[in-house]
Amino acid sequence: MVYNVTMIQVNIAEAKSRLSHYLRLATSGEKVMICERNKPVAELVAVKQPIDLERRRSAIGMFPGGMTEEELQEALRPMTDAEADAFIEGRY
């Protein structure tokens with residue numbers, strides 16, 4: 001499957017005059033490449049929001065008999081190649 005990935009390119013003067021527009025695009029997931037004389041100098045992307053660890057910890061423990069944070073991390077870790085092979089073969 002081929003994905004068509006496009007990036008908006010804009011020169012500095014355009015970015016300055018329409019900054020609010022390009023910020024809205026970035027917050028909606030677009031990548032905006034800012035260029036100087038058509039050469040890329042910066043990329044405008046949305047900031048990823050930090051995870052509220054305290055809120056996550058309280059959610060993990062709010063059900064009786066729930067998992068500890070360590071058990072949850074172990075359950076969510078990626079499978080090793082050997083585990084994936086065993087799962088595919090029905091041995092896991």
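Which residue's side chain meets that of arginine 18 in a salt bridge? Select glutamate 14: its side chain and that of arginine 18 form the pair, at 3.4 Å from N to O. A salt bridge here is a side-chain nitrogen of Lys or Arg within 4 Å of a carboxyl oxygen of Asp or Glu.

Before going on, note that this is a predicted model, in which local features need pLDDT of at least 70 and side-chain atom pairs count only at pLDDT 80 or more, while totals for chains, interfaces and linings use all residues. Residues are numbered from 1 along each chain as its sequence is written, and side-chain values use heavy atoms, with hydrogens and water left out.

**First stop: the salt bridges**

Stay with the first pair and colour by accessibility. Buried means under 20% relative accessible area, exposed means over 50%, and partly exposed lies in between (1.4 Å probe, protein chains only). Arginine 18 is partly exposed at 38%, and glutamate 14 is partly exposed at 31%.

By the salt-bridge rule the count comes to 3. Select arginine 77 next. Its side chain meets that of glutamate 74 at 2.9 Å, N to O. Arginine 77 also forms a salt bridge with glutamate 83, where the closest N and O atoms are 2.8 Å apart.

**Second stop: the hairpin**

Now select residues 32–36, strand β2, and residues 39–44, strand β3; the two run antiparallel and are joined by 5 bridges. Strands are DSSP runs of E with at least two residues, helices are runs of H or I with at least four, and both are numbered from the N terminus. Two strands pair if DSSP finds at least two bridges between them.

Glutamate 36 stands opposite lysine 39 in β3. The strands form a hairpin with 2 residues between them. In the turn, click on arginine 37, which has a positive phi of about 55°.

Select Val10, Ala15, Tyr22, Ala26, Val32, Ile34 and Leu44, the 7 residues of the largest nonpolar core. Such a core is a set of buried Ala, Val, Leu, Ile, Met, Phe, Trp, Tyr and Cys residues joined through side-chain atoms within 4.5 Å. The elements giving two or more residues to this core are α2 (19–27) and β2.

Finish at leucine 44. Leaving aside residues up to four places away in sequence, leucine 44 touches Tyr22, Leu23, Ala26, Glu30, Lys31, Val32 and Ile34, where contact means heavy atoms within 4.5 Å.
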